[in-house]
Amino acid sequence: MISNINIAEAMTVKLENILPEMPEFVAGIRRASNRGFTINVKDTEVALKNALRYIPGKFHKTLAPEFLEELKSRGRIYGYRFRPPGKIYGKPVDKYRGSCLAGKAFQVMIDNNLDFDIALYPYELVTYGETGQVCQNWMQYRLIKKYLEVLTEDQTLVVESGHPLGLFKSHPDAPRVINTNGLMVGIFDNQEEWHRAMQLGVANYGQMTAGGWMYIGPQGIVHGTFNTILNAGRMKLGIGKDEDMQGHLFVSSGLGGMSGAQAKSVEIAGGVGIIAEVDYSRIKTRHEQGWVSKISIDLDEVFKMAQEYLDRKEPVSIAYYGNIVDLLEYAVKNNMFIELLSDQTSCHAPYDGGYCPQGLSFKERTEMLSKDHDRLVKLVNQSLRKHFEMVRILVDRGTYFFDYGNSFMKAVFDAGVTEICKNGVDTHEGFIFPSYVEDIMGPLLFDYGYGPFRWVCLSGKHDDLEKTDHAAMSCIDPSRRSQDRDNYIWIRDAEKHSLVVGTQARILYQDAKGRVKIALKFNEMVRNGEIGPIMIGRDHHDTGGTDSPFRETSNIKDGSNIMADMATQCFAGNAARGMSLVTLHNGGGVGIGKAINGGFGLVLDGSRHVDEVIRSALSWDVMGGVARRAWARCPNSIEVSIESNKKSKDNHITIPYIVDDALVKNLVSKEFNRE
Ligand SMILES: NC(=O)c1ccc[n+]([C@@H]2O[C@H](COP(=O)([O-])OP(=O)(O)OC[C@H]3O[C@@H](n4cnc5c(N)ncnc54)[C@H](O)[C@@H]3O)[C@@H](O)[C@H]2O)c1
């Protein structure tokens, strides 16, 4: 009979044989709401056994009731007692223990994701997007760190939904960590099954860079949001290629993890922004960070203030403390013209607290979430229907509305509004309003390969960040394309906009060529001792890493938008080419079963070997996506693929022949009419 003594003896990497004190919860730090305890007696037993299996047997009697209480009151077992006391933040890399640089570098990234200044609900390991966690519980956090401390260049750490499965022999050119989150078997790949699996403690919702350990604070999303708003203005408001959003109005909702970037971005783009937010604590955070300039609870005042700035053609961002539906109703009733409109409530999880229904305060919705979930669902649906109605009226009056990748349109559809579908019945042909990727990010950025390249200066030195900013700028030719010009201006002014929260990090949209050039330059600087080691990566909201028909791949029109081959190939290809960290997740920003997305991290240690990884893996990471987009007949990707086939000695892309639309249309219509 195997005993717990045998088991403890069989492991050298394990949690310590002491029971930590329950840490104090710092007042004022946001806490995740109760996710709902819905599992039956048998499953509850399994959930407790699952959580206790991390912990030496002699503590089970004490911990079992504590974990049961967490499950009942929080809807999951976080193992709060195992959270290390005090402040968690990304420290300089040499402050971490480790047997290889990558092992230490990942600890910087993980801790940065859990920093009080960065994470949405740090005690619940949620980095952003309401439910996106680094791992499921604090036992996993501790164990992952212990593994990272001993990980060598000949091993790979396997992490499955936050659980460190173990270290396995590999080789120096293999990834040091392979990390998957929430991947479910087809017929179980839905919200209900996931909710059960999450309570059992076998599924982590990694979002993208939360479980992918590559979040760099709200800055990560500011550049993309800036690009989106500016290009929306260019496409729909007639703003010139070298002009900004001066004198133009953008309205949206949400000042949370990612949505918090909207206010800052619209100001950087030179425009006027009004952002509705129901949670005052988030408004306060963004205001203190200087990411939103004005706050008001009074809609008369909000619109008056906005008009003054529009007239003066000066940038400003205004937080409206209230519900977006109230704001839109006000705009409809008072004939306020909104030029650009979007929404960034967490509609990927509308019934789990992501969407606050009209008529409830944030506090009331939080209480109702645990006490009367059925009623909350009814109110959310009612509010979404009203929300849609207001958007439709405004669009009829000339507003350009776009879905901001938060599954707003899908949530409206789920609330019973079939009119939101193009075919009036189901979602197969998409929705009547475009998503920001379908209209803007997809064709103008992703199809060319432009995506959210980012880096973290692992030394923690601001000086390194400044040097890398300058180096990156020197790699961009602003006259090549308008995108390059925007990116050049972005990096030139990045320091001025004080974007850093947490580690010394930077985001800079770049295409394949740009990313490779900049990464090689950085690696050379590390080699020459000009800067300390760098972690490069990206978020998953990119050209090739994500299959997400309601978002990243919403401009894929050959039917393959429902396939997840590209994201899977991207992940596998990155692993094969030696990225330090490779990740693959279910859900991302749109919800379980609606996307598969992958990311990576690469530690630039200055070696020649890393130069080779940059040349092969970094260019594959982008060009795999461009090639697939070209095959789906996206014109800008075809253009980039033709150029690549002409110039590249190493890659060769299959390019689709153009088919005459009229030929196919006539043939098919004749055939169908005959029937
Ligand atoms: N910024 C981007 O580029 C981007 C890209 C893709 C997807 N998204 C999606 O946007 C959504 C928001 O992401 P996040 O990280 O900011 O989430 P979050 O949960 O941190 O923030 C959402 C905010 O909306 C507020 N809110 C909810 N209902 C409201 C209502 N009716 N009126 C006003 N405010 C309301 C919440 O209080 C919260 O602060 C997610 O679904 C995410 O996946 C964002």
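Q: Which residues of helix α13 are buried?
A: This is a predicted model, where local features need pLDDT of at least 70 and side-chain atom pairs count only at pLDDT 80 or more, while totals for chains, interfaces and linings use all residues. Residues are numbered from 1 along each chain as its sequence is written, and side-chain values use heavy atoms, with hydrogens and water left out. With buried meaning under 20% relative accessible area (1.4 Å probe, protein chains only), the buried residues of α13 are L376, L379, V380, N381, S383, L384, H387, F388, M390, V391 and L394.

Q: Against which elements do the buried residues of α13 pack?
A: Helices here are DSSP runs of H or I with at least four residues, and strands are E runs with at least two, numbered from the N terminus. Counting contact as heavy atoms within 4.5 Å, the buried residues of α13 pack against α11, β10, α12, β11 and α14.

Q: Which residue just after α13 takes a positive phi?
A: Helix α13 covers residues 373-396. Just after α13, a positive phi of about 115 degrees belongs to G398.

Q: How far is a polar side-chain atom of S259 from an oxygen atom of the ligand?
A: S259 is among the residues that come nearest to the ligand, along with E277, S346, H348 and R551. An oxygen atom of the ligand is 2.8 Å from an N or O atom in the side chain of S346. For S259, the distance from a polar side-chain atom to a ligand oxygen is 2.6 Å.

Q: Is L663 buried or exposed?
A: L663 sits in helix α22, residues 661-674. Its relative accessible area is 55%, and exposed means over 50%, so L663 is exposed.

Notes:
Expected span 1.5 Å × (residues − 1). Near = heavy atom within 4 Å. Polar contact = N/O pair within 3.5 Å; in protein donor to acceptor, adjacent residues only side chain to side chain.
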